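I opened this model to note confidence, helices, strand pairings and a few single residues. The entries are kept in the order in which I looked things up.

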Amino acid sequence: MRWLILMLLVVTWWAAGPAVFSPTQGPGPSESHAPQRIITLAPNLTEIVCGLGLTDQVVAVTQFSEFPEAVRSKPKVGSFWQLNLEAIVGKQPDLVLALGFQQQRDLARRLRRMHVPVETFNIEDFNDLLGAIGAIGKITGRPAQATGMVESLQRDLAEVQATVRLAPRPRVLWSIQREPLRVAGRKTFVNWIIENAGGLNAIGPTLHQYPPVGAEQVLACQPEVIVEQLMVQQDPHEQLKQARAYWQRYNHLPAVQTQRIVVLNDDLVARMGPRIVMGVRVTAEHLHPDLFGVAP
Amino acid sequence: MGPQWDIQTLSFAYKGQGVLIDQLSFSLAAGTFTGVAGPNGVGKTTLIHLLSGTLNPSEGKILLEGQSVHGMSPASLARRLALVRQHTDMSFGFTVEETVLMARTAHLDWRGFESTVDRDRVHEALCLTETDHLAHRSINSLSGGECQRVFIARALAQDTDVLILDEPTNHLDLKHQIAVYDLLKSIQVDQGKTIITITHDINMAMQYCDQVLLLSPGYDQKSVIGPPQDVLTCDRIEAVFGVRVMRLTHNEHTFIAPIGQCR
Amino acid sequence: MRPLLTPGRLVRLVLAAALLMVSVMAACCMVGTETVSLKAVFAHQTPGQPNPDYEIFVKIRLARVILAVIVGAALACSGAVFQGLLRNPLADPYILGISSGAGLGAMVAVMLGIQWTLWGRSPIAVFAFAGAVGTVALVWSIGRVAGKYHVTGLLLAGVVVNAFFSALIMFLTSIANSSQIQTTLFWLMGNMTEETWDVLWFSGGLVCAGAVGLFFLAPKLNAISLSDSDARNLGIHVTAVRVCAFGMAAMITACAVSLSGLIGFVGLIIPHAIRLIWGPDHRLLIPLSALVGGTFLVLADTVSRVVVAPAQLPVGVVTALVGGPIFIVLLIRHNRCLGGRP
């Protein structure tokens, strides 16, 4: 008997629930005119939007969006991973730009249910980046600026590629973490940077994207240049000093013997944004100082 | 009307082990006090688990008022017989009263709450076992003797015709042993319940029991049941326990005193 | 000394806890990074005109507060049941491998990069739910093979399956890319998100039904929390009760986990706190755990929303940081033993 009552209760609940509390219909999607209140949910998206000359239209960004300088003072709607939905809705945006990974995709779905226009972009490699720039240009009403940006990126990249094309390719070990030692493998965009900068990833194909490596593998791959990314809130000179001390333990490596240990600004080489080509150029300058006429 | 308990050619063996109880048959009348005695490992506890329906016999039948025990649902079994174990671990801090109230689980209505009848039964049981002053204590804070009395109270509150106990005087001092047996005897006499208890103390069995079931290992010696005077003879105790004893009589009471091991 | 549990006392305590929960919910709806005017929220809706106050108050905060209630109630309620069924004060809703099963499901969903949704739920939620339910079924069947010592067998099966699945998660983590790792990590830490009303109704109904079903098993759970054979002698069909109780507790836990990831601590300390104050009777423990667990998670989630604003903390961090000290204070003040003999 009691189970029957229980079942009835459950059934009525599910049947009646949504009917009693039907979601109110908000305004429909707004007509397509150039958005005036844009929120970007990732630093690279901020760089793209600002690069299109829309800095004034950006009403909010995420923490760690620090480029260009003008966005530092913009309100924040949470961090890249931990976004604050009510802060986003409270800004009444007419366009939200998000990345295509799971959390931001879920968030985009919830925003769309509240009739907030959202676009998500998967930016995994350089072509994705160019595509995203084009698409953002289109929806923000700046297609010409977007085309210009894409062309200048392609032109700058081609220039670096042409400079290093005939030079011998040094083997590069790109360390992303020292303890335990992990390096960039072949299936990463770091690998794309190394190859376009005229180098060769010292680590061969691996199962992991960023494989942890042992001393034996480090010695076997004989890198001629070792690259580290600047850690957050580290002084570059301090990190370079530490890196030199650390790598001294492998003093048979060519890179250590010739002291070709480099610390690169992670904004340039770790962020799939418009400055990535500058990252390639900086890397190339370190790999081929003679070709670029800079002191090693 | 036949006997309350009718055990027919009962056999039992644990999985992968030899036969522990072999072709045991006996019957018990309602309202009797039966002691189950025998050396360690002879299957006393196993027998009462079989009687209480916890274990299923390998062969034979256990009939309680003509019905097979292991054919009954746990609830209907719990309204006919109550079991007091040697020890029960209490994981969470239930009070004495709450513990005894659990005896009424099989009697609860669909809302799952005790009626006044249930509460009265529990109160009677607490008074009878002289544990009413402990009612609000946590069961974990009781001494061994108090704990044993509380679990007897719970068995009483279950309001059954049959009470089965596994060594109720285990770990108790002399005074508390006597107290427990006096309590059981008065329950038998006043309320007419059938009591089946395992005991290691053959003198207690001699004084309190109407009949003794002496379980014996091996095939040369059969298990016997009967009045304690007849069952607990010097020869039989020597054969079953391997101990030489003397029977002494004082004021028409018989006592058994061990002398030493058999050579 | 505590009075015996009567229906009247139960109703009084449950009503008081429900009242507390509703007032906490109302108060927490008023807290947030944005300022919301109640007048604007309930003002007449003009079609085609966006009302951000309404959107924030009803669709974001209220939805989220209700979600927290559902998840907190489910976890605390199933924690109480698991502790009783396994007779283990250390048990929590995740003890039978639900956490690692759900984690593995979520990880697989992230790694496969699945895009579709099922009834408005993200692939992570769907896979986590399937992983949780599948793991409980697996642990249950391993525990059955272990046979006679059912509780120990179940616990051991839970530990082994947990370890095995955790190893699988670690393996997948080591070959995943960084955004996949981050996604999974944040999911594992436990997060509250704003769900649609359909999802809230469905899971709220499921959790309510589970809690009510468990409440009706409460007198039997009392006896089972002593020992299986004792419970049987008291007239309880132990296997049937156990299957039902495990099934319902696992179901509402899986539901909670798929909604919010792994939120620790609620399922462990809320039932203990209730036991310390009001005693171990499951008839009171189950409804009060559900209500207090819901209230606690609403509070913890509100803290996680505002304390590092505009960003948010994973709510699992807050439950452990806030819950731990509160629980220690309770333990000292009530000074009663939680398990075993003193």
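The entries below go from conventions to chain A, then chain B, then chain C.

**Conventions.** I am working with a predicted model, in which local features need pLDDT of at least 70, side-chain atom pairs count only at pLDDT 80 or more, and totals for chains, interfaces and linings use all residues. Residues are numbered from 1 along each chain as its sequence is written, chains are lettered from A and ligands numbered from 1 in the order in which they are written, and side-chain values use heavy atoms, with hydrogens and water left out.

**Chain A, overall.** I looked up the secondary structure of chain A and found 13 helices and nine strands. Helices (H or I, at least four residues) and strands (E, at least two) are DSSP runs, numbered from the N terminus. Chain A has 296 residues, and 50% of them count as buried. Buried means under 20% relative accessible area, exposed means over 50%, and partly exposed lies in between (1.4 Å probe, protein chains only). I then turned to contacts, where contact means heavy atoms within 4.5 Å. Among the contacts in chain A with a separation of 6 or more, 59% are between residues 24 or more positions apart.

**Chain A, domains.** Chain A is divided into domain 1 (38-156) and domain 2 (168-292); such bounds come from an automatic or database domain assignment. The centres of the two domains of chain A, taken over C-alpha atoms, are 29 Å apart. Domain 1 of chain A gives 14 residues to the contact, and domain 2 of chain A gives nine residues.

**Chain B, the sheet.** In what order do the four strands of the open sheet in chain B lie? I read the order as S2-S1-S4-S5, with antiparallel pairing. Two strands pair if DSSP finds at least two bridges between them. S2 and S5 (67-68) of chain B are the edge strands, and each pairs on one side only.

I went through pairings in this sheet. S1 (residues 5-13) and S2 (residues 19-28) of chain B run antiparallel over six bridges. Ile7(B) has Phe26(B) in S2(B) as its bridge partner. Five residues lie between the strands in the hairpin of S1(B) and S2(B), and Gly16(B) there takes a positive phi near 75°. S4 (residues 59-64) of chain B pairs with S5(B) in the antiparallel sense over two bridges, and Leu63(B) stands opposite Ser68(B) in S5(B).

**Chain B, another hairpin.** S11 (residues 243-250) and S12 (residues 253-261) of chain B run antiparallel and are joined by eight bridges. His250(B) stands opposite His253(B) in S12(B). Two residues lie between S11(B) and S12(B) in this hairpin, and Asn251(B) in the turn has a positive phi of about 50°.

**Chain C, confidence.** I checked pLDDT, the predictor's confidence in each residue, from 0 to 100. Its mean over chain C is 86, and 93% of the residues of chain C reach 70 or more. Over residues 337-342 of chain C, pLDDT stays under 50, and the model has 16 contacts beyond four places in sequence for this stretch.

**Chain C, helix H3.** H3 (residues 52-86) of chain C has 35 residues and reaches 48 Å from its first C-alpha to its last, close to the 51 Å expected at 1.5 Å a residue. The expected span is 1.5 Å times one less than the number of residues. At which residue does H3(C) bend? The bend is at Leu62(C), by about 30°; this is the angle between axes fitted to the seven residues ending there and the seven starting there. Of the 35 residues of H3(C), 33 are buried. Arg87(C) follows H3(C) and has a positive phi, near 50°.

Is His282(C) buried or exposed? His282(C) is buried, since its relative accessible area is 1%. His282(C) lies in H12 (residues 282-306) of chain C. Not counting residues up to four places away in sequence, His282(C) touches residues including Ala80(C), Gly84(C), Asn222(C) and Pro287(C).

Gly210(C) is in H8 (residues 197-224) of chain C. Gly210(C) is also buried, with a relative accessible area of 7%. Beyond four places in sequence, Gly210(C) touches Met248(C) and Ile252(C). Gly210(C) and Gly293(C) are 83 residues apart in sequence and 15 Å apart in space, C-alpha to C-alpha.

Val308(C) is in the loop between H12 and H13 (315-334) of chain C. With a relative accessible area of 34%, Val308(C) is partly exposed.
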